[in-house]
Amino acid sequence: HNTAPTMSDNQASVGPPNGESLKEKLLRGSLLADSNAQEAIPILEAVQKDVVALSLFSQNETLEDVSTKTIPFLALEHFLAIAYTNLPASPGKIVERKSNILKCCDLWASFLGSLERLEQLSRDEEKEFHELMEETDTSKAMPAPNRDVKIAKFKAQQQAKKEAQHLKALRERRGRMGMAADEEVDGHDEESLERSFFLKQLELQKADALEQWAQSKRELPMIEMMVKMEEERQRTQKHQGGPPVQDTRPPPNSGKPLQLTQVTKSATGQLQFNRSEVRSKVFQPGWNQPTMSLEELGEREYHQAMEREERQKQAQAEQMNQPRRYKDLVRDGMEDNAELVDASAKLDQEWDDWKDQNPRGSGNKHAMRGDKNF
């Protein structure tokens, strides 16, 4: 889901280079937010401190007052929230996971609040933003999103991605052609193109933030339940005496199969214990799951149709060069082909010989029976 900002200057590497600019730090931190959250958080928090120290943004400014070069820094809290979301959850540290999720929600609230102040939220987005802000009960499950709304959001995001790709291609074209800053391509000079591209990226980041914020809100009730279970287990152990119980369960997706012990009674009345392992596949649905997206299926069927059309053309071309009777050559416009004309003469002669040997009606044996006068 991470939509990292794209720099118009040199692309920053993942490793920290010497003399790294603030913009390069933002890019590197946003790229690491998905792959290495523990390394991304200190980078993005350092950028956050510098942004506050430099006073890049003011509370009373509009979007027109924000310079083009500082627009990517509006999404700083969004990338920081993604990094906190991707922090690995250690076994027995569910309270720490809850703290990280709450911090993510605060960061997304700050990010979307800034966009609302800059009037960059649509009416539906503003309504969704306030609903998420008002949902403060972490033990209450949020309602599932409406299917039609999800489909409309998906289509809007796909369209925004296409427009962002188009603007990115225009930026790359300007770089290859070495165009001057005031020269226009597709109605954009360098400043206009940079600003349009950054704003389109901000639109994608805004939609991503609303979606991930809602998912985090839905995760909180489950975390609250796990926290209460852990506290109850600790209290029970404390009353019984002994050290606190540590959660030694393996983390999710550990690859270890679930072990079950079945107790049965034999014919003699003795108990039998059978231990078996249940693989993760037992929890999968009983029906076949889709193995490709609709776009992949459409692309595969398109290529298959093109291959069938090519084979059909080849078969028709081969059929055109096959020997046939002269009247068929005339019908197909091939009467100037000497080889086919010679072959057709042989076929026509063989056909005439067969007709001489088998006169019309010679196969009708019943025609010779009966009285010819009737």
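A search through the whole structure turns up 0 disulfides, a disulfide being a pair of cysteine sulfur atoms within 2.5 Å. Cys104 is in no disulfide, and the nearest cysteine sulfur, that of Cys105, sits 6.8 Å away. Seen from Cys105, the closest cysteine sulfur is the one in Cys104, and at 6.8 Å that is too far for a bond. Cys104 has 0% relative accessibility, so it counts as buried; the scale here calls a residue buried under 20% relative accessible area, exposed over 50% and partly exposed in between (1.4 Å probe, protein chains only). Cys105 is buried as well, with a relative accessible area of 6%.

This is a predicted model, so local features need pLDDT of at least 70 and side-chain atom pairs count only at pLDDT 80 or more, while totals for chains, interfaces and linings use all residues. Residues are numbered from 1 along each chain as its sequence is written, and side-chain values use heavy atoms, leaving out hydrogens and water.

Now for the helices. Helix α3 (residues 76-85) packs on helix α4 (residues 94-117) at an angle of about 165°, with the axes 8 Å apart. That makes α3 roughly antiparallel to α4, the label for angles over 145 degrees. The crossing of α3 past α4 is left-handed, meaning that the near helix is turned anticlockwise from the far one by less than a right angle.

By class, the contact has 8 nonpolar, 4 polar and 3 charged residues.

Notes. Axes fitted to C-alpha atoms, helices over the stretch in contact; angles between N-to-C directions. Helix = DSSP H or I, 4+ residues; strand = E, 2+ residues; numbered from the N terminus. Parallel < 35°, antiparallel > 145°, perpendicular 65-115°, else oblique. Nonpolar A, V, L, I, M, F, W, Y, C, P; charged D, E, K, R; others polar.
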